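Subject: Structure for you to look at

Hello,

Here is the structure I said I would pass on. Please open it beside this email; my notes follow.

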Number of protein chains: 2
Amino acid sequence: MARVWNFSAGPAALSEEVLRQAQSELLDWNGTGASVMELSHRGRHFIALAEEAERDLRELLAVPAHYKVLFLQGGATQHFAQIPMNLAADGQGADYIVTGHWSEKALKESAPYVKARVAASSAAQQYTRLPPRAEWDLDPRAAYVHLTTNETIHGVEFRDIPDVGDVPLVADMSSDILSAPLDVGRFGLIYAGAQKNIGPSGLVVMIVREDLLARRPRPLPKIFRYAEHAAQGSMLNTPNTWGWYIAGLTFKWLKAQGGLAAMAERNRRKAELLYACIDGSGGYYRNPVDPAARSRMNVPFTLHDGALDKPFLEASERAGLMALKGHKAVGGMRASLYNAVPLQAVEALVAFMRDFMQRHG
Amino acid sequence: MARVWNFSAGPAALSEEVLRQAQSELLDWNGTGASVMELSHRGRHFIALAEEAERDLRELLAVPAHYKVLFLQGGATQHFAQIPMNLAADGQGADYIVTGHWSEKALKESAPYVKARVAASSAAQQYTRLPPRAEWDLDPRAAYVHLTTNETIHGVEFRDIPDVGDVPLVADMSSDILSAPLDVGRFGLIYAGAQKNIGPSGLVVMIVREDLLARRPRPLPKIFRYAEHAAQGSMLNTPNTWGWYIAGLTFKWLKAQGGLAAMAERNRRKAELLYACIDGSGGYYRNPVDPAARSRMNVPFTLHDGALDKPFLEASERAGLMALKGHKAVGGMRASLYNAVPLQAVEALVAFMRDFMQRHG
């Protein structure tokens, strides 16, 4: 069938140009006579690909020279555990800013490697706002402060990153990395599962300040030490070569789109269009999030009558709008508007929503 | 260019049929209007794919019902560490059978989670043979016995799996899984990085006896506990969906080839052809491995004069024979003959080797 507009929260839409290129060279990449999946990660062809992807990512995000870029595995979830393994000694504390499902999970998975402490939380507001910086109770002796910049389920996002002083800021940016320019220098460590704004699942991109790699808080096998991965150019063991390749194509595509400033503008327009439709529906559609905290990437919304959910989902699928079902934790609908979702898709969604409202008024 | 014959040790050759199918449906999988990479792992389409892949693998290997099949990440190397994390309590011992580079590495990465003990080793013979079972010094109280069934660098392989009594046998089968029928019931746990006989890198397939999942030797984050992955059908977090998909296509392809008995026969013929060429070259080509221990998957060989290495590699590349350079640990050449390498490729290699010997005699 024709390509649909894909609003999946992840694994999510990829750029069609990226997919077409991957398709065209699937059996013969770069004149090697083999698929990129069939090449040794230690051969010159793949090494060149890997280095170019890193260079392009560094250029897109203006990554300072004293940060390492790693291409890892395990999903962000594994790094919820592996980050404290690497950064915190037994008995040491770390501060967590809890703003939704994913920061809750990061907190839970950090045990038994750190004494995680909730320094701020919006749980009491059902994660419909962000805890104001003035209310954060930070410990200056903490090993790090952990932040989830965007919550895919609750649809809240830090658009401005609060200052946390000298304690290294560790940020899970799985769902909004590369959606806008970023001042990497304000972070100690940034990590992101690829399956939203970077590429396919099974790849994690990490950007980490070199001084943090020098921490050796406990004996660890090499495979769990970020410093070892950094020393080996993320080839301590066989990386996810296909994921790295698709990420590299995506970085090239982002550069061709005008880079992150252009993406930020496009993402702003997409989100504004959808929020305007929701807010202008006279309560037919509702998004519960404080406007100042609303995510540009994931827009959860409910219909005024839950009995309409099923007809809405069925009609949207028939209209070529895929994966709008909301997460069970908040119910209703969710539209994810990552980089690879074009403005045209959001226009189609908004037109559908207006039409549905008229027909089921 | 035309497809080459690919002898890479991994990531390695994939079946051309599998690649062609992946190519044809890259932008629209199964009538969804989206790439398989763009689908939620929790949606009904991907769940059906995932379950079918597991069913096919179970059928191919006749996996008994009291074993779980897991689709994980991290490469076999991560599981060198994660297996003792899951199976051994602090201070408990485990026996390692050391037969080459990879079993050495499995032993090293097991610290600090288990007291690993070398129960047998062929290091003194430069890993050119396997330590006879009669000489193994096994501890009946060990948490497990670890074995690497095939060593990709040294080219030795256990064709018959020795009996180790009641202690669970844990086997890294990364490079020979699915190359022949297997009695899974003799193992406690089998694991394999996908990038040799299963699919692309970034995926690990694990087959584990249920009673081992009940061990809880230490507090662990959920993401490191195999039991949690098993309870969630390998969807505790987002799996490598592309890897799982290609693995599924490969399992279907293996079934269409006649299953593992047919593959074993094909692999036997391929290996015999190459070893016969080496052994019949009057010392021009040499393989140092005890014939009883020779790997059917990875055939390392040297030329009688190291000065010929460079011309051999250059001429082989021109002849469309890719990735024959040996690992630096043993030097010379290596031809990996995994399932997806057809007999025709080995015939082409042998013809090239004979011709090269005549021209550079």
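**Two helices in chain B**

In this predicted model, T77(B), F80(B) and A81(B) of α3(B) meet W102(B), K105(B), A106(B) and E109(B) of α4(B), where a contact means heavy atoms within 4.5 Å. By class, four nonpolar, one polar and two charged residues make up the contact of α3(B) with α4(B). Nonpolar here covers Ala, Val, Leu, Ile, Met, Phe, Trp, Tyr, Cys and Pro, charged covers Asp, Glu, Lys and Arg, and polar covers the others, Gly among them.

Helix α3 (residues 75-87) and helix α4 (residues 101-109) of chain B pack at about 45 degrees, with axes 8 Å apart. Axes are lines fitted to C-alpha atoms over the stretch in contact, and angles run from 0 to 180 degrees between N-to-C directions. Helices are DSSP runs of H or I with at least four residues, strands are runs of E with at least two, and both are numbered from the N terminus.

**Helix α9 of chain B**

In α9 (residues 309-318), F312(B), L313(B), A315(B) and S316(B) are buried, meaning under 20% relative accessible area (1.4 Å probe, protein chains only). Their cover includes β12 (298-303) and α10 (343-359) of chain B. Just after α9(B), G320(B) has a positive phi of about 80 degrees.

**Conventions**

Residues are numbered from 1 along each chain as its sequence is written, and chains are lettered from A in the order in which they are written. Local features need pLDDT of at least 70, side-chain atom pairs 80 or more, and side-chain values use heavy atoms, without hydrogens and water.

Regards

Methods. Buried < 20%, exposed > 50% of the residue type's maximum accessible area, 1.4 Å probe, protein only.
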